[in-house]
Amino acid sequence: RAGRPLWACAWATLVFRLGVHALLLLAIATTQSATASSPVPSLISSRRAAAAAVLVHLLHDVSIAIEMANAHVADERAAAVGRTEHRGSSAAAAPHRLRVRPLAVLASVSAAAAAGALVSIHDARTAALISGTWLFYAVGYWLLRATEVLQPHADAIGAIDGAEWRCRLLSCINAAVLSVGSLLCFAEWPYAGAEGYISSGVRSHPVTFAALLGGYLHWDVCWMLWHMYDYKDGSALVHHLMFLGITHYVLWGWYFKLPFAWLSLAEVSTIPLNARWFLIASGRKAGVAYTAASLSFALSFLGTRVLGYGLGLFELWRSYPLWRPARVGLYVVIAAVHAGFALNLFWARKVIANLLKAARGIHEKREPVATAPSSAHAKAA
């Protein structure tokens with residue numbers, strides 16, 4: 001308990017630091033770029049350099065937050081073990097339910113307040129879509145928790161996995177919506193002139209589905225922060241925060257209609273990923289269903305988030321003359337899109353390793369059948 005005030009001060013300092021850097025980056029990004037006729041053309045490179053420097057500081061803040069979260073969780077667990085040993089009871093005897101922790105509540109509420117502030121920069125229709133989507137997932141999660149529909153009983157998988165199960169059910173809805181939206185966005189190709197990168201104000205499918213994505217990401221970030229002591233995937237939080245920033249900026253200026261099609265297509269891999277997790281959480285990590293879910297996830301991930309994403313980046317730079325006159329903020333967005341690709345490559349290492357492991361396992365199971373049976377083979381089997 002003595003360490004809690006120290007952690008509260010540390011988190012408050014970090015939140016302040018994040019806020020300052022985020023506001024500074026927003027101020028730089030939303031300032032009108034100098035035109036070619038400007039008497040001070042060097043201002044463009046100076047502002048881009050300033051934006052890049054602030055972005056580096058912001059990413060450093062996020063990395064600090066991840067390390068602090070890991071340390072805070074470890075500290076809480078060590079304290080819990082100490083309390084358990086002091087009582088003379090086993091950890092297994094502790095009630096298997098999630099505790100409400102003040103810091104997690106504060107972080108989640110702060111994220112919701114930040115969402116409200118960010119939504120206010122958009123037009124009324126876009127703001128309504130973002131807010132309505134956030135509310136839809138919040139109410140949907142509450143209904144899933146109250147009814148336990150489409151999920152095992154809490155006693156069967158535990159409170160932590162039960163909360164994540166509900167979250168993943170809702171993420172399947174988001175993935176399905178964005179997958180359909182991606183096809184609709186592809187159907188708008190080709191765009192006239194630079195419309196695919198810098199819109200002239202024509203509202204179309206990318207704007208609608210980007211708003212739906214923004215609402216979901218805001219809700220999921222709140223969920224992650226509320227469960228920050230139990231949900232340990234820091235890379236997912238980094239991914240969400242990064243793409244939240246991208247989403248709000250491109251919605252603010254209606255940029256990047258064309259890239260949104262291939263970016264949103266990557267959500268296809270979320271559905272088999274969640275199906276695989278559901279099988280693992282329910283103790284069915286074997287059989288045809290698990291193998292099919294694993295292979296579907298690996299192939300869809302590598303196909304959309306590595307190959308498709310890479311081709312999209314190639315097309316992005318091939319079209320550089322179309323978005324070259326954009327504001328500095330779009331260059332920050334492009335840097336973040338490349339960082340997202342790097343994150344996908346980081347995840348791809350584990351996906352490929354698991355895929356090769358599964359392939360070796362299938363080969364080893366078939367090998368005794370393909371060879372002449374011997375006593376040694378029989379014993380090994």
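Read along the sequence, the protein runs α-α-α-α-α-α-α-α-α-α-α-α-α-α, that is, 14 helices and zero strands. Helices (H or I, at least four residues) and strands (E, at least two) are DSSP runs, numbered from the N terminus. The model is predicted: local features need pLDDT of at least 70 and side-chain atom pairs count only at pLDDT 80 or more, while totals for chains, interfaces and linings use all residues. Residues are numbered from 1 along each chain as its sequence is written, and side-chain values use heavy atoms, with hydrogens and water left out.

**Whole chain**

Begin with the entire protein displayed. Of its 381 residues, 42% are buried; buried means under 20% relative accessible area, exposed over 50%, and partly exposed in between (1.4 Å probe, protein chains only). The protein exposes about 20400 Å², of which carbon and sulfur atoms supply 69%; accessible areas come from the Shrake-Rupley method with a 1.4 Å probe, and for residues only the protein chains shown count as cover. Among contacts (heavy atoms within 4.5 Å) with a separation of 6 or more, 81% link residues 24 or more positions apart.

**Helices α6 and α9**

Select residues 159-187 for α6 and residues 257-265 for α9; the two helices pack at an angle of about 150°, with axes 8 Å apart. That angle makes α6 roughly antiparallel to α9. Axes are lines fitted to C-alpha atoms, for helices over the stretch in contact, and angles run from 0 to 180 degrees between N-to-C directions. Angles under 35 degrees count as roughly parallel, over 145 as roughly antiparallel, 65 to 115 as roughly perpendicular and the rest as oblique. The crossing of α6 and α9 is left-handed: the near helix is turned anticlockwise from the far one by less than a right angle, whereas clockwise would be right-handed.

Next, show the side chains of the contact: α6 contributes L178, S182, C185 and F186, and α9 contributes F260, A261, W262, S264 and L265. By class, the residues of this contact are seven nonpolar, two polar and no charged. Here Ala, Val, Leu, Ile, Met, Phe, Trp, Tyr, Cys and Pro count as nonpolar, Asp, Glu, Lys and Arg as charged, and the others, Gly among them, as polar.

Keep α9 selected. This helix is mostly covered, with eight of its nine residues buried; they are K257, L258, P259, F260, A261, W262, L263 and S264.

Centre the view on K257, in helix α9. With a relative accessible area of 2%, K257 is buried. Not counting residues up to four places away in sequence, K257 touches Y191, E195, G196, S199, V202, R203, S204, P206 and V207.

Step back to F256, in the loop between α8 and α9. Its phi is near 60°, a positive value in a residue other than glycine. F256 also counts as buried, at 4% relative accessibility.

**Helices α7 and α8**

Now select α7 (205-226) and α8 (residues 234-253). Their packing angle is about 145°, with the axes 9 Å apart, and α7 passes α8 in a left-handed crossing. On α7 the contact is made by V207, A210, A211, L213, G214, Y216, L217, H218, D220, V221, M224 and L225, and on α8 by A236, L237, H240, L241, F243, L244, T247, H248 and L251. This contact has 15 nonpolar, five polar and one charged residues.

Remain on α8 and pick I246. I246 counts as buried, at 7% relative accessibility. Leaving aside neighbours within four places in sequence, I246 is in contact with V333, A336 and V337. A C-alpha to C-alpha distance of 9.5 Å separates I246 from G329, which is 83 residues away in sequence.

**Further stops**

Move to A275 in helix α10 (residues 270-281). A275 is partly exposed, with a relative accessible area of 29%. Draw a distance from A275 to C172: the two are 103 residues apart in sequence and 9.1 Å apart in space, C-alpha to C-alpha.

Two backbone features complete the tour. A cis peptide bond joins W189 and P190, with omega about -10°; P190 is placed in the loop between α6 and α7. Finally, select E148, in the loop between α4 (124-147) and α5 (154-157). Phi of E148 is near 55°, a positive value in a residue other than glycine, and E148 is partly exposed, with a relative accessible area of 31%.
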